[in-house]
Amino acid sequence: MLFKDQLQFVWQHMKKNKMRVTTTVLAAMIGCAFLIVLASIGFGIQETMRNEILNQEKITEIELWGDESLTAEDEKWINDVEHVNVVLKKWDVAASVLSTFEDRTGYSQGAIFDMEAQSKLPSNLSEGRLPTASNEIIVGYHYAQNLLNEADQAEIERKSREAEANGTWYDGEEEGYKGEIIGKTVTLEFEDGEGDQEVQSGEFTVVGVLKKPSYEWYIDSSVIFGQGVQTLLPSLETYPTTTIFVDSLENVIPVLDILKEQGYQVYSVVEQLEEMDLFFLIFKIGLVFIGTIAVLIASIGIFNTMTMAVTERTREIGVLKAIGASPALIQRLFLMESAFIGLLGTGLAIILSYAISFGANAILPHVLAYALSEEDLTGYELTFSVIPFSLVLIAGGISLLVAILSGWRPARKATKIEVIQALRQEL
Amino acid sequence: MITVQSLHHAFMIGKKGKEKKVEVLKGINFEVQQGEIVSIVGKSGSGKSTLLQVIAGFLKPNSGSVYIKDTETAVFTEKQSAAFRLNHFGFIFQNFQLLPGQNVVENIELPLKLKGISSAIRQKKVQDMLKRVGLTEVADHYPNELSGGQQQRVSIARAMITDPPIVLADEPTGSLDMQTEQEILQLMQQLNRESNVTFIIITHDEEVASIADRILRMTDGLLMEEM
């Protein structure tokens with residue numbers, strides 16, 4: 001029998017039992033859609049968390065820790081490792097930095113950058129340039145906002161109290177120095193907190209402002225010096241750190257492995273990402289497993305429908321066998337019918353799942369915002385449900401396989417029907 | 001064409017453990033030549049239908065052999081038997097055995113579909129056949145819209161559509177009135193003359209049997225030729 005004729009034969013029978021076939025298709029659709037939507041939540045949460053990590057803009061960076069500053073030999077060796085672009089040496093200043101400008105003051109974290117290495121990296125400045133002289137500095141995006149006079153401090157205190165009464169908080173963005181900070185000279189004092197060391201200070205000119213941090217909530221008021229400051233203030237206490245920049249995300253782990261082999265203490269957020277991916281893989285397998293139970297319940301419907309179909313068509317199967325249809329053909333016709341039901345159910349389920357996923361992503365952030373009485377959650381890039389093509393393939397495969405398997409026994413039963421018995425049946 | 005040798009068959013009847021063996025075929029021997037019309041006549045329960053079922057391959061005999069065109073068919077598997085039926089036999093049943101959900105054309109072309117013949121060739125063959133059996137007018141009707149005689153014509157057309165060398169007919173006029181019976185018998189004779197097809201007709205009706213070239217009488221599981 002030609003494949004086209006087999007399809008037509010199966011289709012004719014399905015049309016004849018529209019109601020029964022439709023309800024079975026609906027059951028298969030609901031089962032498969034449940035599976036897809038459930039698993040899509042796993043994919044959605046994973047994507048939200050991945051984005052959170054990837055948004056840190058540190059994904060191609062490897063942090064190197066150690067008590068001592070890198071030797072020139074170490075630096076050269078690391079620089080020669082394949083895929084390493086830049087080795088950026090930094091020193092965190094132990095003391096906190098007190099800035100004084102006109103009648104304003106503000107505390108900051110201080111750091112010294114190897115500006116030669118920094119200049120090879122994509123610019124991290126929102127305006128200005130990198131320091132070239134030893135008395136030049138770049139400052140964090142919120143540095144000027146952090147320079148407060150007494151009036152500002154009183155105002156912030158008042159607004160914070162008001163905000164607290166309303167259950168929120170105030171970040172002080174309306175106060176601070178509002179003029180152009182670049183080109184201004186500020187006095188910096190280094191305080192070690194214990195007071196037993198001589199306070200060092202100096203005058204520095206702001207030549208650049210860093211970019212706005214990617215997190216809305218992060219206030220960056222840091223002060224960054226060039227290496228020249230170490231000759232200017234030789235007794236400044238610092239802790240060295242080194243950041244290694246790799247050319248692309250996929251090379252981070254190989255470079256990390258090479259460095260670990262050499263005994264360097266290194267860390268990258270990508271490691272965190274890998275651990276997270278493993279956790280989510282297991283989580284998603286669990287969700288697919290639960291979803292498959294729904295598909296199995298739907299398969300009982302397919303089994304019943306096909307068993308009914310075989311019973312109803314016993315005489316017809318007898319006629320077909322009498323005039324020469326092989327048992328294999330009879331079996332194939334019934335398997336095709338259950339596969340067809342599975343295919344229709346799966347196809348509709350995919351459309352339905354995308355609609356549910358799209359709707360959930362559109363509506364749930366608002367519902368959540370309302371429930372948590374937060375005004376706006378859009379800044380958090382929340383994704384509740386993601387349906388990647390791989391999920392469609394896995395769920396579709398499971399659903400189709402289950403549909404065909406549930407049609408298997410009825411189809412076998414059809415091949416076992418005896419011609420003589422079948423032809424004796426009344427219409 | 002057909003050679004049947006010392007065919008024996010028995011059924012087990014009754015509850016398990018208390019079964020009774022009922023011998024239906026007690027050593028049947030006969031031959032049929034190509035192009036012959038042979039009637040097998042007998043009373044109800046004489047075993048004539050069982051004989052037809054064995055020849056058709058619906059039933060495996062306990063012993064004995066059936067040769068069709070020098071091929072032993074009693075040893076076939078179910079799959080071989082089905083393929084052999086498709087290529088060598090046409091069937092006419094007492095209650096027509098048409099598929100109710102398919103119209104006249106679809107019922108007639110069913111064996112051609114099973115053989116994997118393309119739609120274009122099928123259409124031509126079915127149109128020719130509709131003319132031969134006089135059903136052109138009702139080509140798109142469904143079985144329940146046809147008279148008994150018309151339904152049996154559809155059944156005959158379906159049996160003949162693949163040009164089989166042998167047609168097995170089990171009480172072909174059993175459900176028809178006298179006049180229709182005559183028409184059907186004439187049609188079978190006409191097809192036999194035109195296509196040189198071998199007909200084996202199982203019947204209890206002497207009138208039906210009389211159109212045959214030879215009449216074999218089945219009595220108590222044994223077959224005897226009438227002179």
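Which element gives the largest share of the lining of the largest cavity? That share, 4 residues, comes from H11(A).

Before zooming in, a word on the ground rules. This is a predicted model, where local features need pLDDT of at least 70, side-chain atom pairs count only at pLDDT 80 or more, and totals for chains, interfaces and linings use all residues. Residues are numbered from 1 along each chain as its sequence is written, chains are lettered from A and ligands numbered from 1 in the order in which they are written, and side-chain values use heavy atoms, with hydrogens and water left out.

**Stop 1: the largest cavity**

Select A:Phe9, A:Val10, A:His13, A:Arg313, A:Glu316, A:Ile317, A:Leu320, A:Ile330, A:Leu333, A:Phe334 and A:Glu337, which line about 80 Å³ of space. A cavity here is a set of points on a 1 Å grid over the protein atoms alone where a 1.4 Å probe fits but cannot get out, and lining residues have an atom within 4 Å of a point. The volume is the space filled by probe spheres set on the points. Colour H1 (3-16), H10 (314-322) and H11 (327-371) of chain A: each supplies at least two lining residues. Helices are DSSP runs of H or I with at least four residues, and strands are runs of E with at least two.

**Stop 2: the second largest cavity**

Now pick A:Ile323 together with B:Leu86, B:Phe89, B:Gly90, B:Phe91, B:Pro111, B:Arg158, B:Ala159 and B:Thr162. They line a cavity of about 70 Å³. S6(B) gives the most to this lining, with 3 residues.

**Stop 3**

The open, mixed sheet runs in the order S6-S7-S8-S3-S9-S10; strands pair if DSSP finds at least two bridges between them. Show S3 (37-42) and S9 (214-219) of chain B, a parallel pair with 5 bridges, and find B:Ser39 opposite B:Ile215. H5 (148-160) of chain B packs on this sheet, touching S6, S7 and S8 (contact means heavy atoms within 4.5 Å).

**Stop 4: the sheet of four strands**

Last, select the antiparallel sheet S2-S1-S4-S5 of chain B. S1 (2-13) and S4 (63-68) share 5 bridges, and B:Thr3 has B:Tyr67 as its bridge partner.

Methods: Axes are lines fitted to C-alpha atoms, for helices over the stretch in contact, and angles run from 0 to 180 degrees between N-to-C directions. On a 1 Å grid over the protein atoms alone, a cavity is a set of points where a 1.4 Å probe fits but cannot get out, and a pocket is an open set with protein on both sides within 12 Å along at least five of seven lines; lining residues have an atom within 4 Å of a point.
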